[in-house]
Amino acid sequence: MGTLGMSPFAKVSQMTATSLKKLVFRKELSLIKALVNAINPSISVKNEEGEFLVGSGESHGDNQYPVKLEGDVIGWVQGDQKAAVVASLLSRLADREWEKRTLAQELLSKYKEISLLFKISEKIIDSLDVKEVANLVLDEARRLLKSNSGVLMLLHDGADMLESIASFGSEYDDGLTLRLGEGILGRIVVTGRGEIVNNVFSNPRRRLEHSRTGSLICVPLRNKDKVIGAIALKRLRSSTPYSSEDLKLLTTLAFQAAGVINALVHEQKLKESRQNDLLFRLSNQIRVSLNPNDIIATAVNEIRQLLNLDRCLFLWRHACALSPTVEPARQDFLYLTPTVQCDLAGLAVVNESRNPALPAISGYYTEKEMGGLTQQLLNREIVRIDDVRELSEPNTRQFLLSQGFASFLAIPLQTRSGELGVISCGASREPRVWSQDEIELLQAVMNQLAIALDQAELYNQSRRAAQTAQEKAKALEAAMQELQKTQLQLIQSEKMSSIGQMVAGVAHEINNPINFICGNLKYVDQYTQDLLNLVQCYQQEYPTPSLKVQQEMEAIDLDFLLVDLPKILTSMAVGTDRIREIVLSMRNFSRLDQAGLKTVDIHEGIDNTLLILQHRLKAIGGLKPIQVSKEYGDLPRVECYPGQLNQVFMNILANAIDALEETMGGKDKSLGIGDGELDAAPRSALCPIPIPQDLIPKIHIQTALLENHWVAIRISDNGPGIPEEIHSKLFDPFFTTKQVGQGTGLGLSISYQIVVERHGGKMQCNSTPGQGTEFVIEIPIQPQPSL
């Protein structure tokens with residue numbers, strides 16, 4: 001940009017290249033010669049290279065006096081003492097000429113800069129989109145400052161976060177976010193002053209910059225006293241570093257862009273506010289009114305005013321075509337049941353908001369009149385015509401032109417009963433380019449209208465049902481009873497599903513003592529029979545017992561005892577067999593309804609698992625109670641295999657309890673559950689880091705909804721953690737560090753298969769020795785197609 005802002009050293013360098021002869025003597029040569037002849041003809045003048053410009057150097061004096069410009073010698077005057085006057089005069093002439101040239105160059109540079117910025121401003125002002133303006137500014141900056149990468153970032157309202165809205169080159173990604181004060185860019189924005197960093201890689205603030213980056217220039221976007229963003233450019237190490245002239249140019253460009261961007265952002269927010277206000281009013285009307293005609297009238301009028309339209313219409317078409325003789329303006333088209341069948345399908349204008357200077361559009365229009373437009377709307381296609389005159393389909397073009405449309409936009413919707421409604425917008429005075437924001441607004445309005453129409457349809461259906469309620473009272477009562485029965489069945493089923501795991505645990509605990517009793521009954525029966533045989537043998541050998549024996553036999557009623565004791569043992573055997581069957585049935589039942597995919601509440605499964613493990617969380621045998629904290633997010637219902645997922649929760653929670661029990665000084669084996677598959681490494685034994693004696697054992701459960709329509713479940717404990725060397729083996733089948741008989745090493749392996757293979761999810765373990773362990777489970781809300 002010329003010599004604008006040039007340093008004195010640069011000025012002198014440029015002057016020296018020009019030479020004293022070109023700078024001074026081109027215009028004042030004759031005047032200088034006359035002055036020299038008047039003072040002393042023997043005086044001579046030469047430039048810095050020794051070339052004589054005046055005189056021949058043959059003088060009567062040996063003195064030389066320098067001609068200087070801002071301290072640097074640009075020539076010599078040779079002669080007596082009077083030559084010093086000539087040297088001083090030449091120095092002043094050189095300074096004056098250089099100032100004139102510098103000023104002219106600065107004015108020319110300023111003119112070029114203003115002309116360039118004026119052209120850029122024209123391009124920016126013509127744009128109505130923030131991202132488009134950002135891209136225009138970056139394109140100009142890249143072209144003017146010859147940069148390899150660049151980014152324009154805006155500051156979020158109410159947050160200390162910068163987000164990229166435009167970029168070029170390989171170093172900045174779209175959607176890049178950066179906190180204020182983070183990295184070089186973040187700190188420059190905090191200061192509010194532009195800056196050049198010509199050795200980026202060695203700069204201590206460097207964060208995002210690539211190793212190939214040589215220099216960086218960053219200027220905040222300021223609107224008045226408020227920073228709204230920043231522009232940053234980069235050059236490679238092999239490129240020329242940025243200069244102060246580059247910083248000045250980028251600052252001017254940023255100033256131009258900041259005003260436009262700030263205005264567009266405010267305009268966009270105002271527009272969104274008005275659109276949200278419209279949708280809010282429609283939602284309120286839907287809640288308080290069952291008359292869709294009033295809602296449609298409000299929507300049509302508000303849309304016309306909001307979008308500054310010449311005309312806005314709502315058209316309606318029943319699934320059964322209406323007769324063309326019906327007057328739409330006088331009929332309730334939304335609920336009019338047509339009694340006349342006709343061969344022509346069409347649409348009727350049921351509501352209109354227009355510029356008062358335009359004629360009203362009312363009536364019923366057939367497919368023949370509207371041409372291909374009808375079929376497009378029947379196919380629920382969005383019809384967007386920026387210039388009606390450029391339409392290739394003649395019938396539609398003629399119809400729209402006859403109705404005074406220069407531009408046309410139509411958004412259709414279909415109700416549950418198959419009826420079609422259309423919001424149509426139009427410009428009559430001149431063609432109009434419809435923006436995507438306008439289309440999205442109309443789609444949102446149509447969604448609200450669809451709710452209103454469906455609600456009104458349901459209301460009319462209920463009204464018609466009420467009129468026939470007396471005739472169908474008995475049938476309705478029977479249906480209600482059946483519904484109540486079904487509801488009770490569903491409630492019962494849900495209860496049984498919730499206590500399934502608890503029943504399995506109870507059944508398992510009952511099974512051990514029952515097996516013990518059942519296994520010993522046969523020996524008791526055998527021993528009893530032997531004793532009874534012995535008594536009978538004594539009776540045969542000693543038919544006449546002593547008086548004392550006779551008295552004892554009468555006291556215990558020996559004859560009855562001999563008959564009843566075998567019966568008692570038989571009854572006990574039958575009872576134990578029955579209990580074994582019940583236990584087996586309970587265990588089978590607890591796993592029965594968990595086989596298929598179901599849509600369930602993940603939190604419910606976690607809570608049920610905690611209920612089963614409640615006895616292990618209490619303070620037993622001198623151990624401290626384990627505290628469980630839950631941080632549940634707002635999760636939708638998830639389609640999964642609930643029984644298998646509950647098994648995963650059981651495995652992880654049981655492992656956490658095992659680790660905490662070991663940390664607190666040992667584990668009571670009688671408290672264990674399951675069949676030995678709920679195991680991982682006994683972490684306290686493997687972790688060399690000591691655990692504080694006053695540690696309060698805790699388990700934390702957290703759930704969250706992820707952006708990719710997945711849910712995450714995090715289960716962590718404050719136990720001893722897992723050493724790094726066994727992390728890679730945690731999910732391997734049969735890997736265990738427990739003693740023989742205490743675990744098979746299948747618990748985490750099965751859990752991993754359930755999450756990854758059965759649900760298409762992810763499972764990982766995060767652990768630091770001495771700081772606890774966290775298991776992270778991520779599954780999709782709906783199963784993947786490959787499952």
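Asn223 stands opposite Lys226 in strand S10. These residues belong to a predicted model, in which local features need pLDDT of at least 70, side-chain atom pairs count only at pLDDT 80 or more, and totals for chains, interfaces and linings use all residues. Residues are numbered from 1 along each chain as its sequence is written, and side-chain values use heavy atoms, with hydrogens and water left out.

**The open sheet**

Strand S9 (residues 213-223) and strand S10 (residues 226-236) pair in the antiparallel sense over 10 bridges. Strands (E, at least two residues) and helices (H or I, at least four) are DSSP runs, numbered from the N terminus, and two strands pair if DSSP finds at least two bridges between them. S9 and S10 belong to an open sheet of 6 strands in the order S7-S6-S5-S10-S9-S8, with antiparallel pairing. Strand S7 (177-179) and strand S8 (195-197) stand at the edges; each has a single partner strand, so one side of each is left without a neighbour in the sheet. From one strand to the next, the twist averages 25°.

Contact means heavy atoms within 4.5 Å. Axes are lines fitted to C-alpha atoms, for helices over the stretch in contact, and angles run from 0 to 180 degrees between N-to-C directions.

| Helix | Strands touched | Angle between directions |
|---|---|---|
| H4 (residues 130-145) | S5 (149-155), S6 (161-168) and S10 | about 60° with S6 |
| H5 (residues 183-191) | S5, S6, S7, S8, S9 and S10 | about 35° with S9 |

**A hairpin**

Strand S3 (residues 63-69) and strand S4 (residues 72-79) run antiparallel and are joined by 7 bridges. Leu69 stands opposite Asp72 in S4. S3 and S4 form a hairpin with 2 residues between them, and Glu70 in the turn has a positive phi of about 55°.

**Two packed helices**

Two packed helices are described by the angle between their axes and the distance between the axes. Helix H7 (residues 292-307) and helix H11 (residues 436-467) pack at about 170°, with their axes 10 Å apart. That makes H7 roughly antiparallel to H11, a description used for angles over 145 degrees. In H7, the residues at the contact include Pro292, Ile295 and Leu307, while those in H11 include Glu438, Leu441 and Ala456. The residues of this contact divide into 14 nonpolar, no polar and 1 charged. Here Ala, Val, Leu, Ile, Met, Phe, Trp, Tyr, Cys and Pro count as nonpolar, Asp, Glu, Lys and Arg as charged, and the others, Gly among them, as polar.

**Aromatic pairs**

The structure holds 4 aromatic pairs. Rings of Phe, Tyr and Trp (its six-membered ring) pair if their centres lie within 6.5 Å; planes under 30 degrees apart count as stacked, over 60 as edge-to-face and the rest as tilted. Tyr365 and Phe399 form an edge-to-face pair, 5.5 Å centre to centre with 70° between the planes. This pair links distant parts of the chain: Tyr365 lies in strand S13 (residues 363-366) and Phe399 in helix H10 (residues 394-402), 34 residues apart. Tyr365 counts as buried at 13% relative accessibility, and Phe399 is buried with a relative accessible area of 12%. The rings of Tyr538 and Tyr542 have their centres 6.1 Å apart and their planes at 25°, so the pair is stacked. Both Tyr538 and Tyr542 are exposed. Buried means under 20% relative accessible area, exposed over 50%, and partly exposed in between (1.4 Å probe, protein chains only).

**The chain as a whole**

The protein chain contains 20 helices and 23 strands. Of its 787 residues, 42% are buried.

Terms used:
Angles under 35 degrees count as roughly parallel, over 145 as roughly antiparallel, 65 to 115 as roughly perpendicular and the rest as oblique.
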